[in-house]
Amino acid sequence: MQPFSGLALLKRGFTGQRGWTPQWRSPQPKPGYDALIIGGGGHGLGTAYYLASEHRLGSVAVLEKGWIGGGNTGRNTTIIRSNYLFAESAALYDHALKLWEGLSQALNYNLMFSQRGVMLLAHSVHDVQVSKRHVHANRAAGVDNEWLTPEEAQAFCPPLNLQGLRYPVLGAALQRHGGTARHDAVAWGYARAADALGVDIVENCEVTGILRDTGGAVAGVETTRGPIRARRVGVAAAGHTSVIMKMAGIELPLESYPLQALVSEPVKPVFPCVVMSNTIHAYISQSDKGELVIGAGTDAYTSYTQRGALHIPSHALEAICELFPIFRRMRMLRNWGGIVDLTPDRSPIIARTPVPGLYVNCGWGTGGFKATPGSAHVFAWTIARDEPHPINVPFTLERFREGLLIDEAAAAAVAH
Amino acid sequence: MLLIECPYCGERPEPEFTYGGQAHLARPRDPAATSDEEWTAFLYRRANTRGVHAERWRHVHGCGRFFNALRDTTSDQFLATYRIGEPPPGAPR
């Protein structure tokens, strides 16, 4: 691996920045590996990286149906925060946030991680009560979150309008350590670092079956590029997890919905933070390229189409224009959908499955990007040791039978 | 935006409807005799089909009635809509 540094950039500057080599190989899949990861998004690539770096697994491959980072990793609004209500979730997301803080250095890859602050607006008495409860619960759990008055919120985010709103801003919960990161760079950074440790990243390789031995345990996978043997298979396939797990005869508590986002034309720096509103449902930040990145809600129905209906982003734009009238004449450049896998309690499943050797990391719903390093880290642990990391102990498949839900759906009152 | 044919009112735009999830899930008849495993399947597990999916819709801003539909989740195209209690079109009777 060619290390990236200021000096390396300067040296290559003398030769017109030529001579850089590809950041990862494009290997043919081998007949067998110690572990396979299905899904080449941030979660899958990160898992492979931690399997190789922390757990020293001999041979690992990531199988990706399309190109790496082309699914939800490249389709989200890049928001990172950890101020979830319940202790189990806050621990998981805060584990991720701590890893984000050192990740660019660990991967020697600029993830453009920016802790610019994530501000969640409250528009009603109920919102204020719920937000303050979140703030207090987070502070008790040692997670950064604070309450702002409307004036303090506007001082933190000057474009915010407080006048004449149909849903007035009554305050905001601010997580100063929250922020954004470059989503593509997360996939590429993990891919490059994993590849340097010997992980094979196999693109254009769709899994078509799960192979089992006579005892029922996982023996490998069938793919469009031939069968590949492995005793451990981790599934990190986001919206398509149900499809993969059905190949092993497992029906999951998941439904896949389109979630839409859109970006505006690029403009000069105008928006200093991330603002979210659950009540009127919109969120917004500005990318380093200058585009406003705007997230909408999920569509009404399950789908695998990676697109949705126009009235969903229109609704989000109406909310944005009301909160930030300065954006009323902005033009939107692109709109797309990603397929998100929602669990009934809107908390993820990171666990062993009834099939020995088969592990699943799914159910991240509308908010998986922020968890990428934490999710990958504890999933790698789970695969390597065949037991959960202390942080993902509660995030089992069995919690739905046992009634031990981690009900962030009720806590946030929306998909999040 | 989808154009959905309500079996009672005809074709109407999607915002007139609410989605009701997977169709043909029967609530266990004898709750006390139903195992935890069966309750889990009824309450939480879903087919989440990639392909033709039988699902409930409700024409909430119209006749107000529930009905079922077959929709291809890889294209969002409706293949049929039919009344509650009727078998899905094409299903063996």
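The model is a predicted one, and every value below is computed from it.

**Chain B as a whole**

- Chain B contains one helix and six strands, arranged from the N terminus as β-β-β-α-β-β-β.
- The C-alpha trace of chain B extends over about 40 × 30 × 25 Å along its principal axes.
- Of the 93 residues in chain B, 41% are buried.
- Among the contacts in chain B with a separation of 6 or more, 44% are between residues 24 or more positions apart.

**Val52(B) and its surroundings**

- When residues up to four places away in sequence are not counted, Val52(B) touches Leu70(B), Arg71(B), Asp72(B) and Leu79(B).
- Phe78(B) lies 26 residues from Val52(B) along the chain, and the C-alpha atoms of the two are 9.0 Å apart.

**Helix H3 against helix H6 in chain A**

- Helix H3 (residues 87–107) of chain A packs against helix H6 (residues 183–196) of chain A at an angle of about 45°, and their axes are 10 Å apart. Because of this angle, H3(A) is oblique to H6(A).
- The crossing of H3(A) with H6(A) is left-handed.
- H3(A) contributes Trp100(A), Leu103(A) and Leu107(A) to the contact, while H6(A) contributes Val186(A), Gly189(A), Tyr190(A), Arg192(A) and Ala193(A).
- Sorted by class, the residues of this contact between H3(A) and H6(A) are six nonpolar, one polar and one charged.

**Val186(A), a residue of helix H6**

- Val186(A) is located in helix H6 of chain A. With a relative accessibility of 1%, Val186(A) counts as buried.
- Apart from neighbours within four places in sequence, Val186(A) is in contact with Trp100(A), Leu111(A), Phe369(A) and Thr372(A). Of these, Trp100(A) is a residue of H3(A) that takes part in the contact with H6(A).
- Ala230(A) is 44 residues from Val186(A) along the chain, and their C-alpha atoms are separated by 26 Å.

**Helix H3 against helix H9 in chain A**

- The axes of H3(A) and helix H9 (residues 372–385) of chain A come within 6 Å and cross at roughly 105°. This angle is why H3(A) is described as roughly perpendicular to H9(A).
- On the H3(A) side, the residues of the contact are Leu92(A), His95(A), Ala96(A), Leu99(A), Trp100(A) and Leu103(A). They meet Thr372(A), Pro373(A), Gly374(A), His377(A) and Val378(A) of H9(A).
- By class, the contact of H3(A) with H9(A) comprises seven nonpolar, four polar and no charged residues.

**Cysteines**

- Over all chains, the structure has zero disulfides.
- For Cys273(A), the closest cysteine sulfur is that of Cys157(A), at 3.8 Å, which is too far for a bond. A disulfide would require the two sulfur atoms to be within 2.5 Å.
- Cys273(A) has 0% relative accessibility and so counts as buried.
- Cys9(B) is likewise in no disulfide, and the nearest cysteine sulfur, in Cys63(B), is 3.7 Å away.
- The relative accessible area of Cys9(B) is 29%, so Cys9(B) is partly exposed.

- Most residues other than glycine have a negative phi.
- His281(A) is placed in the loop between strand E14 (274–277) and strand E15 (282–286) of chain A. Its relative accessibility is 18%, so His281(A) counts as buried.
- His24(B) is found in the loop between strand E3 (18–22) and helix H1 (36–43) of chain B. With 46% relative accessibility, His24(B) counts as partly exposed.

Technical notes:
Residues numbered from 1 in each chain as written. Chains lettered and ligands numbered in written order. Predicted model: local features only at pLDDT ≥ 70, side-chain atom pairs only at ≥ 80, totals over all residues. Heavy atoms only, no water. Axes fitted to C-alpha atoms, helices over the stretch in contact; angles between N-to-C directions. Helix = DSSP H or I, 4+ residues; strand = E, 2+ residues; numbered from the N terminus. Parallel < 35°, antiparallel > 145°, perpendicular 65-115°, else oblique. Left-handed = near helix turned anticlockwise from the far one by under 90°. Contact = heavy atoms within 4.5 Å. Nonpolar A, V, L, I, M, F, W, Y, C, P; charged D, E, K, R; others polar. Buried < 20%, exposed > 50% of the residue type's maximum accessible area, 1.4 Å probe, protein only.
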